[in-house]
Every structure is written in C-alpha cells, then in structure tokens.
Amino acid sequence: MRVLVIGSGAREHALCHHLSEDPSVTEVHVSPGNPGMTAVATVHDGDPVALARDLGVDLVVVGPEVPLVDGLADDLREAGVRVFGPSAAAARIEGSKAFAKDVMARAGVRTARAEQVLPGEDAPLDRFGPTWVVKDDGLAGGKGVVVTTDRAEAEAHVAAVHAAGNPVLLESFLDGPEVSLFCLVDGGTVVPLLPAQDHKRVGEGDTGPNTGGMGAYTPLPWLPEDGVQRIVDEVVAPVARQMVEDGCPFSGLLYAGLAWGAEGPSVVEFNCRFGDPETQAVLALLRTPLGGVLDAVASGRLAELPPLEWEDGYALTVVLAAEGYPASTVTGGVVFGGGPGREHDGVLAAGVAADGDRLVASGGRVLNVIGTGATLEEARERAYGIMDSVTLPGGHFRRDIAAGAVEGRIHV
C-alpha cells in the first residue's frame, strides 16, 4: 500500500514514522513535509489531488484541519482516491464552533453554555464570568481561545477576533481536568484510542498564553476506569449518530476535547483530525500497524477491524519551541540533535528547514521528543533525557509535562 500524508508538523512526522513501520505499507510520501522527515518519507510539494494521482497512492491521510474544512477530502474522493479525513460538511464540527454546539444540543451531549457574537455586536460579558471563555469561532490552530478572570483581557480578545472579521463564541467555564480522546469514526461506528492530556499554555504551571500545545501524555492514571467508555457512550457516539442523521456522516478521526467535572465529561471542543501534540504520544503506544487501521476507516470497514492492541506503560511528548514563541517567534536558530535525512530516536521534527546538513528553526514549535516507560515517571525521565541532548539558541520547553499526574495532584 502506498500512502500520502498531507501536512508538515510533528503530528505528520509521527504518522509517517508509524506508517513506515507497517509491513503492509510499501511507500510513504508526504507533502509539503519538512526536511526532518526524509528518513521515513519521500517529501513532495504541489497540489495534493494531482500528487495522489501521479504517485498512484492507495490512501491519503490528511493531517491539518484547514485543508479538511476547505474540502480536500471531497476533492480526493471525487478523484477516486481513498482518504482518511472527513468531508467539508463533516469537518464543520471543528470549523464552526456554533455548528458543533448545534449538533451537541440535538444529540443531548453536555457542553458549556454558549452565545455567538457577530462582528459589530456588543459582547454580553455580564452573562458570563467570573472566568470568561472567549473563542474565535473559526480555525485558529489551537490559539484562538482566551480563558481569563480579567474582564479587560476578555474584552480585548473579543475586539481582536471581531477585527479579524470572525464571530466570537462566549462560553461558560467548565471546571475539572481536561481530557483529549481520539476516536476513529466511520459513520455510526466509533473506536476509541488512548486518552491523553495536552498542556496548552506556554509556561510552567499552566501560565502564559495558549499555544498549539507544549506537551502531552497518555494514558491518564487519574481517569476513572470506565472513563473512556463513558466518553464514547455519552459524547462521541451520540454526535456520530447525529451527524449520520443530519446527512453529513463523519469519516476519519474525531477528537473530543473535554473537561471532567462533577457530572462526568463535558465537551470543550471537537476537532476533525489527529491532535498535536497528543498524537505523538498516543501513536507511540499503538501496537496494531497504523496503515491498516487508517485504511479500514477510509474504505468504510472500521466495524470489521479487530480490536486495537496497545503497548503497556505510558508515553509522553515534550515540545521544543523557538525563542519568543508564541508572541514573536525568532527563526533561523540551528537545531543541534537533528539533521535532514536522519532519524533520531525519540525526536520528531516540526517547524524546521534545511541549511546544508543542518536543521534550523523555521516555525514556533520546532520539534517534539517522545519518551516511553513502564510508569509515567519513567516516560517523563526518558523524554526529558532526550530533550536535554537537543539544543536551540533561545529555545524553550516546559519541564512540568505530566508532573501533576505523577505527583497525584489531578483528581476527578
């Protein structure tokens, strides 16, 4: 099986890496990719539909949300190519938070109370607070949300989103630890992966602005034993059934971002694709070959797939960010510990470019390191051991990924 992955970040590097280890996968291609991926995939550029046709691939895996919302999966299917990723109609579950709220309301799924505020309208902040949740009702790469107890900061984010021409979604604050659950979805069939937890804020102790994600770990030792099944039964399966009923069935990876409160899971957001950086940790523990799993979804055979097999233990990923990220990223710094055309154990490239035989930072989140272990503490030690061997002038990373779980400070 020939596979083409669309995207260029650490998530796509992880997908390419695991696809390259699948005996049923004979070729792995990626577009646009990055020079840190070349040991596991052939890097291309150009129109994805034409590329898929020219390469004669059997499966296309779309990583980022923007091409999915823009209808790339529809274009590929129209060209006769199997694709892992939802249609544009189904991708609205991420592309429009208002659409997602409507689906959840009709499916009877718990989520935050919300009001949409269009540009030019006054935001009814008095009906929310004392913790305000202000969201850009569109695609913002994980950085369009402000959660704050400072009303002035909430007002400023409303103004910034409206200035960009987008609606705002005001939400009530959901208390409780956050959970990310990825589910393979094929119409009404739902198969969960391992639960994970992301660390969105740039600074240790969950301080500073939101980012695309600074680290993640899986599984969650504090999640109730029936936690994954409850999320499937109370959240993902009802939404999947509702989307079938609405005539826009979901096919691909449905990512539920949740807060686990007193009543159990409530939805913070849905994404229509693998999340970054949770994917890097989750796939590190998947024993079942990845290519066959993704192809089963793309060909409508998910219900026939044998139960997924997982390695024992834990996995953790830590993100190395460039100087100034996320406010004013400084690029061009040389990354020591990575290089074009070479796989480095536990290192996944993201925002990098080639400079001769060196890699240099070309984006905010430069690379990820992955650690696995029999215990979460062991996985942390391995990940940070790898990170300490990588240098980037001005680079920074959080040293507290999963610390709360290891120290027993997370409770539901």
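Q: Helices (H or I, at least four residues) and strands (E, at least two) are DSSP runs, numbered from the N terminus. What span does helix H11 reach from its first C-alpha to its last?

A: The expected span of a helix is 1.5 Å times one less than its number of residues. Helix H11 covers residues 376–387, 12 residues in total, and reaches 16 Å, close to the 16 Å expected. A word on the source: this is a predicted model, where local features need pLDDT of at least 70 and side-chain atom pairs count only at pLDDT 80 or more, while totals for chains, interfaces and linings use all residues. Residues are numbered from 1 along each chain as its sequence is written, and side-chain values use heavy atoms, with hydrogens and water left out.

Q: Which residues of H11 are buried?

A: Buried means under 20% relative accessible area, with a 1.4 Å probe and protein chains only (exposed is over 50%, partly exposed in between). In H11 they are Leu-376, Ala-379, Arg-380, Ala-383, Tyr-384 and Met-387. Viewed down the helix axis, these residues fall within an arc of 125° (taken from the directions from the axis to the C-beta atoms), so they line one face of H11.

Q: What do the buried residues of H11 pack against?

A: Look for contacts, meaning heavy atoms within 4.5 Å. The partners are strands S14 (215–218), S17 (314–321) and S22 (365–373), along with helix H12 (403–406).

Q: How many residues line the second largest pocket?

A: On a 1 Å grid over the protein atoms alone, a pocket is an open set of points with protein on both sides within 12 Å along at least five of seven lines, and lining residues have an atom within 4 Å of a point. Here there are 25, and His-17, His-18, Glu-21, Leu-283 and Ala-284 lie nearest the centre. Two or more lining residues come from each of helix H1 (10–20), helix H9 (278–284), strand S19 (347–349), S22 and H11. The pocket holds about 460 Å³ of space.

Q: How many cavities of 30 Å³ or more does a search of the whole structure find?

A: A cavity is a set of points where a 1.4 Å probe fits but cannot get out. The search finds two.

Q: Does Val-5 count as buried or exposed?

A: Val-5 lies in strand S1 (residues 2–7) and, at 0% relative accessibility, counts as buried. Beyond its neighbours within four places in sequence, Val-5 is in contact with residues including Leu-15, Leu-19, Val-30 and Val-61. Val-28 is 23 residues away in sequence and 7.6 Å away in space, C-alpha to C-alpha.

Conventions
Grid points are joined across faces, edges and corners, and a volume is the space filled by probe spheres set on the points.
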